[in-house]
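Here is a protein chain to explore together. Take a moment to look it over, and then we will walk through it step by step.

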Amino acid sequence: MGVRPARLEDVDAVTSTQIRAWKQGYREFLPPGPLEQMTGAAAEKMWRRQWDEAILSPPSPRHRVLVAVERVVMDTDHWSALGPGGILAPPSHERASDRVVGLASHGPAEDPDLHPATTAELLTLLVDPNHIRRGHGSRLLNATVDHLREDGYSAVVTWVFADNHPMLGFLESAGWGEDMAERVLDMGRPIRMIRLGTDIS
């Protein structure tokens, strides 16, 4: 398990992880129609293009996409016939690969009340629903903060749906807090978002 910078070959996995995480995590508080627009086939193609651009040609050196990975070991040969004593002989070759199970992205803050030279924004933090509660979210968050400190940031903010209680609880347990900024999206009914931040100096 670990975190590394996203690569171009990760685009499909990043996109599918985002779609699965949104479908699972947002279904309790987003209207079905808008959620389908965000996660349907047409949207998936759009997100794939956007992740391709974000990874291959980010807007600036301070924009990054990180992925959480789990190591997968695959057998490349058949198991041999029964060995001595009737025990299966081990495979002769194995190949290890990374499975993307989460993602995070960040860049300079764009809200007009924040200074982009010193405040960053956590744009995305998602873990595949089949791989939650394994520490991937914490590793992604810690790696993000490490990169931001290296880039000279002293604070970071993020926008979260007000009804996304698991994410709010996760960030608050990591020392983040509401900073009183909010926005309301029209998604067939008003959907409130709140901004959280933390000092990383």
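Is Ser105 buried or exposed? Keep that question in mind while we look at the whole chain, which is a predicted model.

Start with the overall layout. The protein chain contains 5 helices and 7 strands.

Of the 201 residues in the protein chain, 45% are buried. The chain exposes about 11,300 Å², and 53% of that area comes from carbon and sulfur atoms.

With this picture in mind, let us return to our residue. You can find Ser105 in strand 3, which spans residues 94-108. Its relative accessible area is 5%, and because buried means under 20%, Ser105 counts as buried.

Which residues does Ser105 touch, if we leave out those up to four places away in sequence? They are Trp51, Arg64, Val65, Glu121, Leu122, Leu123 and Thr124. Look at Glu121 from this list: Glu121 and Ser105 are 16 residues apart in sequence, and their C-alpha atoms are 8.7 Å apart in space. Thr124 deserves a look too, as the side chains of Ser105 and Thr124 make a polar contact at 3.0 Å.

Conventions:
Residues numbered from 1 in each chain as written. Predicted model: local features only at pLDDT ≥ 70, side-chain atom pairs only at ≥ 80, totals over all residues. Heavy atoms only, no water. Helix = DSSP H or I, 4+ residues; strand = E, 2+ residues; numbered from the N terminus. Buried < 20%, exposed > 50% of the residue type's maximum accessible area, 1.4 Å probe, protein only. Areas by Shrake-Rupley, 256 points an atom, 1.4 Å probe, with all protein chains shown as cover. Contact = heavy atoms within 4.5 Å. Polar contact = N/O pair within 3.5 Å; in protein donor to acceptor, adjacent residues only side chain to side chain.
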